[in-house]
Amino acid sequence: MAIPDLRTVADSLRQRIPDLPADLARLVRSIPSGQVVTYGDLAKELGDTVASRWVATYLLQPEGPLADFSHRVVRSTGEVGLFHNGNVTEKAQLLLGEGTLVQNGRVDLNRFRWQLPAGIKPLVSLKSWQKDFPLPDEKRFQLDRLQSIGGLDVSYKEDTAVAVCSCFGSDGKQLKQHFVQTMPVNFPYISGYLAFRELPVYLELLVQMQANDQLPDVLLVDGNGKLHPRRMGIATMLGALVGIPTIGIAKNQLCGTILCEHLNVGQWEPIVASKNDADNVLGYTILPHAKTKNPLYVSVGFGVLEEAMQSIVDRCFAGHRSPEPIYHADRESRRIASTL
DNA sequence: GCGACAG
DNA sequence: ATCTTGTCGC
């Protein structure tokens, strides 16, 4: 696959990403006085209950934009729950003032629960996009012609993302140069949907690198590839969008089952879909060195076979937990974000 | 109460 | 990811 014009790719991707905070705001404002919904009701209406945590933290922000409405959102047990200003008594008083009975700190959901109207569920659309994500023909990856390895990571200063791509030689240890891209972010972090938060800034970064004719031969991405509930983590989506081989490198396990009971340093151990589906290898876990007891979770993104993936990642280990290109991108993006 | 979810 | 004081170890 030839590398497409990334300006076009970046623009069309951004158009397909929903405005989740606006969708949540519309739902919360639609709750009538005298009625309540739960955090999970809102998440379900957005399309995935996994978004419950984001819904709760968003509504509980101290100076949040929905402060005038969020008292109508309670826990699934009926408990009134926390309030954005820390004053749980005020939340109960506001509910009582609207005619919503609060007894022993709880609302009777059978009586006061508002049925949110069924609408377009943005997270359902994103899930089906991931499930059917178009995977172009993979360029035959030549390990012996590998010249540059890029490491990608993002840090944040409030709602500004700072993405860095650190370019290393094929030895995986020598830094050649690095590129930086900053962009405001709107899409929240929701487990399983990381790509929709971080792809826009990555693509803008790669647009810049393409203009300088400095795109690496392979990209190590902070996050997962195939090791994902829908087998479509950020590394896979990014690789398929830009036509560059990618590898996903995560510091925490998102899904899957590790069959072996003990990890030996430097040894690649498979992560399978489940005990019942033990032939379905989604990725690998590896302990980079004896100093850390925390392993990494590595999976194929796009356009790389597992053998080449292991060879590339192995040569990038040099005393840190993360492969050097990712380690450098992480440190540099964090440093720049802290100056904003 | 338990499980628990990349960044 | 970020927030955040002290603390442990090389």
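Biologist: Which protein atom is 3.1 Å from a base nitrogen of DNA strand B?

Modeller: In this predicted model, a base nitrogen of DNA strand B has a polar atom of the protein at 3.1 Å. A base nitrogen of DNA strand B also lies 3.3 Å from an N or O atom in the side chain of H228. The 3.1 Å pair, by contrast, takes its protein atom from the backbone, and the residue is G192.

Biologist: How do the residues of the surface near DNA strand B divide into nonpolar, polar and charged, and how many are polar?

Modeller: DNA strand B is surrounded by 18 residues, with R53, Y189, N224, K251 and N252 the closest. The residues of this surface include six nonpolar and four charged ones, and the number of polar residues is eight.

Biologist: How much area do domain 1 and domain 2 bury between them?

Modeller: Chain A is assigned a domain 1 at 15-128 and a domain 2 at 139-339, and their centres, taken over C-alpha atoms, are separated by 35 Å. Twelve residues from domain 1 and ten residues from domain 2 take part in the contact. Carbon and sulfur atoms carry 76% of the buried area, which comes to about 980 Å².

Biologist: How many salt bridges are found across the interface of domain 1 and domain 2?

Modeller: Between the two domains, two residue pairs are in polar contact. On the side of domain 1 that touches domain 2, the residues are nine nonpolar, no polar and three charged. Although charged residues are present on that side, the number of salt bridges across the interface is zero.

Biologist: Which element gives the most residues to the side of domain 1 that touches domain 2?

Modeller: Two elements give two or more residues to that side, namely helix 2 (20-29) and helix 7 (122-131). The one that gives the most, with three residues, is helix 7.

Biologist: How many residues apart in sequence are the parts that D41 and R113 tie together?

Modeller: The whole structure holds ten salt bridges, and in one of them the side chains of D41 and R113 meet at 2.9 Å, N to O. Because D41 belongs to helix 3 (residues 39-46) and R113 to the loop between helix 6 (109-112) and helix 7, the pair ties together parts whose separation in sequence is 72 residues.

Terms used:
Residues numbered from 1 in each chain as written. Chains lettered and ligands numbered in written order. Predicted model: local features only at pLDDT ≥ 70, side-chain atom pairs only at ≥ 80, totals over all residues. Heavy atoms only, no water. Domains from an automatic or database assignment. Contact = heavy atoms within 4.5 Å. Buried area = accessible area lost by both parts, 1.4 Å probe. Salt bridge = Lys/Arg side-chain N within 4 Å of Asp/Glu carboxyl O. Polar contact = N/O pair within 3.5 Å; in protein donor to acceptor, adjacent residues only side chain to side chain. Helix = DSSP H or I, 4+ residues; strand = E, 2+ residues; numbered from the N terminus. Nonpolar A, V, L, I, M, F, W, Y, C, P; charged D, E, K, R; others polar. Near = heavy atom within 4 Å.
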